[in-house]
Amino acid sequence: MIIKRRWVEGELEVTTLTKYYRLDREGVRSGEGRKWKMVCGACYLPKDNKLKPLGEDAHFICKEKQAVGVADGVGGWAAKGVDAGEYARELMNNAEIAIHQEPNGHMDLKGVLNKAFLNTKPEGSSTACLAVLEDLHLKAINVGDSGFLVFRNKALMYRSPIQQHEFNTPYQLGTSKTCDLPCSAMRIAVAVLPEDIIVFGTDGLLDNMYPREIEDILKRGTSEEVNPEELASTIAEFALYNSLDKYRCSPFARAAHLEGKQHIGGKIDDITVIVGHIVADNCEN
Ligand SMILES: [Mn+2]
């Protein structure tokens with residue numbers, strides 16, 4: 001049974017007009033009054049656990065600042081009686097607060113992550129991926145194995161790298177001395193174009209879905225209109241279905257095999273998906 005306990009949706013608006021004149025990697029001339037906006041929708045499918053109805057993932061969509069965040073509280077804390085979901089939720093909450101304090105068009109994501117980390121007090125640890133659409137680029141900062149994929153013309157164009165100490169031990173921000181610090185975060189900037197689809201997720205998504213399966217979902221879309229909330233829900237449900245398959249060669253099983261470890265089938269986990277649809281926002285010609 002599919003249980004949806006949380007559902008977030010929202011349209012992001014760009015309030016500042018940036019004027020830059022440079023050629024990016026795609027050879028697209030930026031600026032000249034052009035601006036994009038990212039329309040986002042999210043779906044969260046926490047594992048069925050009466051003791052932790054909110055699961056261990058957390059995310060946010062910040063309308064005004066064109067920003068999103070996903071985090072995955074590290075499950076290992078459960079052995080100490082700690083719900084790492086609390087840490088992840090607080091971290092994302094503090095990141096959103098810090099993002100609101102940033103000037104439009106000049107967001108310092110590293111500073112945001114640092115502030116969020118310093119202000120997060122519950123015991124635990126978490127991965128974190130923050131992203132903002134700014135100057136026709138998606139700018140991101142990432143710690144651990146959450147991340148995002150950029151699809152153009154329904155084909156994978158970019159995938160953010162993951163950071164892990166060893167198999168299934170991602171980099172993580174947290175309260176233990178052995179945890180990583182915000183300075184270990186990876187910064188990413190990707191030039192995006194209208195109609196690009198960005199899929200953000202925790203490992204519950206990335207360990208259960210191959211990019212080509214997301215491409216297939218994008219290709220199957222019957223209408224021209226992209227509905228980010230619907231798309232996020234479809235992708236999350238597909239990931240959930242895959243996660244419950246005991247025999248499948250999932251991305252997680254394949255990664256385990258490469259590390260000489262035994263794992264067959266999907267990976268049962270909390271699944272967070274945010275879909276961002278890039279659209280041109282009233283170009284001035
Ligand atoms: Mn996870």
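Why does aspartate 135 count as buried? Aspartate 135 has 20 C-beta neighbours inside 10 Å, and therefore counts as buried. The term buried applies to a residue with 20 or more other C-beta atoms within 10 Å of its own; exposed applies at 12 or fewer, partly exposed in between, and the C-beta atoms are placed from the backbone.

The structure is a predicted model, in which local features need pLDDT of at least 70 and side-chain atom pairs count only at pLDDT 80 or more, while totals for chains, interfaces and linings use all residues. Residues are numbered from 1 along each chain as its sequence is written.

**Overall composition**

The chain comprises six helices and 14 strands. Helices (H or I, at least four residues) and strands (E, at least two) are DSSP runs, numbered from the N terminus. Of the 285 residues, 45% count as buried. Among contacts between residues at least 6 apart in sequence, 71% join residues at least 24 apart; a contact requires C-beta atoms, placed from the backbone, within 7 Å.

**Strand pairing**

Two strands are said to pair if DSSP finds at least two bridges between them. Strand S2 (residues 36-45) pairs with strand S14 (residues 271-280) in the antiparallel sense over ten bridges, and lysine 37 stands opposite valine 279 in S14. Nine of the ten residues of S2 are buried. Strands S7 (residues 147-152) and S8 (residues 155-159) are likewise antiparallel, with four bridges; leucine 149 has arginine 159 in S8 as its bridge partner. S7 and S8 form a hairpin with two residues between them.

**Residues with positive phi**

| Residue | Phi | Location |
|---|---|---|
| Aspartate 135 | about 50° | loop between S5 (125-134) and S6 (137-143) |
| Asparagine 153 | about 50° | turn of the S7 and S8 hairpin |

Glutamine 66 counts as buried because it has 26 C-beta neighbours inside 10 Å.

**Helix H2**

In helix H2 (residues 109-119), the residues Leu109, Val112, Leu113, Ala116 and Phe117 are buried. They lie on the same side of H2, because they cover an arc of only 130° around the axis; the arc is that of the directions from the helix axis to the C-beta atoms. The buried residues of H2 pack against helix H1 (84-100), S5, S6 and strand S11 (173-174). S5 and S6 are also the strands on either side of the loop that holds aspartate 135.

How values were computed. Contact = placed C-beta atoms within 7 Å.
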